[in-house]
Amino acid sequence: MSAASVGTGGDHTRASMPTLHDVARSAGVSLATASRVLNGSTRKVAESYREKVEAAAAELGYTANLSAQATAKGTAAIVALLVADIADPYFGLLASGVARGADEAGLVVTIAITERDLQREVRLVRALRGQRPRALILAASRSTESSAPELQQELDAISATGGRVVALGPGGGDVRTVLIDNRGGARALGAALAGRGYRRAVILAAAEGVRTSDDRIAGFTEGFAAGGGAVERIHRGAFTRESGAQAMRDLLALGIDPGTVVFGISDVVAIGALATLRAAGRAVGSDIAVAGFDDIPTGRDVTPALTTVRVPLEEVGYQTLRAAVDEAWEPHPDELSPEILLRDSTPGL
């Protein structure tokens, strides 16, 4: 095939792509009506016209041009969601809630992965700003560095161009926040485990400065101490199963007494620790107790079932989306309150 024939075929393909004018003509409505239906306008359109426009768009294979929408309206029908690790079920459940809310609002979700790296997060926000998203949701675990001026500058730029920024956890500037009571939930867990007779605890945590981890450490330590227990060691790692498994191997090498409760800063970390204990021939529950935080589905399926703090993660994701799109949004912290779930991995002494 010659270069000339390739060029001709490409031109034909572009020319044959249906336009908004084609949809309006096929549906027998004005261009303005077709635009209101297909471009996410808040102005009401009669249901009969809406059905005609949507049927014509489907028949012609028309799809809205997000770049054109952004030019015309200032923002595109896009929600940018930043998570730390999409393989972590915690973020998968959050994303599910965001997607549900986005579908209701007629928006498309774009997911970017920060790997909890501040400079990567800044680069991603800067790149996403070029798409002019309707909203940007920061769902990655926030670090004390996250208030860095360069990141805040990028977030302010999104707000200045009509986008809304929502943070899961503390935010700064013109940012709406959805808060999970990590400290309160962990405090209640520590108190409950002390109430079951445990007096020694080890915490498998993330790196110092990660707010979610630090809040859970502080809360658990407070609650456990109030019940007469003491945290003997804090092992720093990451929010991963591998980190929990390695931390548990290190603890076993150092020696860990029967009757100790191991608190993984998340269920994923706790499950890694649980698997290592079983592989080493230690009985989870009757020998070493294990607890987590989040209540991901896997924690209910392992043996023994994992004691944890339930966070309604899909609802959290949904609320962050509503915070992004509802002008009159107000936080409803009671709907996101953590709940203690005592299971067989911490049977008590």
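Student: Which residue stands opposite Val261 in strand 9?

Tutor: This is a predicted model, in which local features need pLDDT of at least 70, side-chain atom pairs count only at pLDDT 80 or more, and totals for chains, interfaces and linings use all residues. Residues are numbered from 1 along each chain as its sequence is written, and side-chain values use heavy atoms, with hydrogens and water left out. Strands are DSSP runs (E, at least two residues), numbered from the N terminus, and helices are runs of H or I with at least four residues. In strand 9, the residue opposite Val261 is Ala289.

Student: How many bridges join strand 8 to strand 9?

Tutor: Two strands pair if DSSP finds at least two bridges between them. Strand 8 (residues 261-264) and strand 9 run parallel, and the number of bridges joining them is three.

Student: What is the order of the open sheet of four strands?

Tutor: The pairing in this sheet is parallel. Strand 7 (230-237) and strand 9 (289-291) are the edge strands, each pairing on one side only. The order is 7-6-8-9.

Student: What angle does the direction of helix 12 make with that of strand 9?

Tutor: Helix 12 (residues 267-279) packs on the sheet and touches strand 6, strand 8 and strand 9; contact means heavy atoms within 4.5 Å. Axes are lines fitted to C-alpha atoms, for helices over the stretch in contact, and angles run from 0 to 180 degrees between N-to-C directions. The angle with strand 9 is about 160 degrees.
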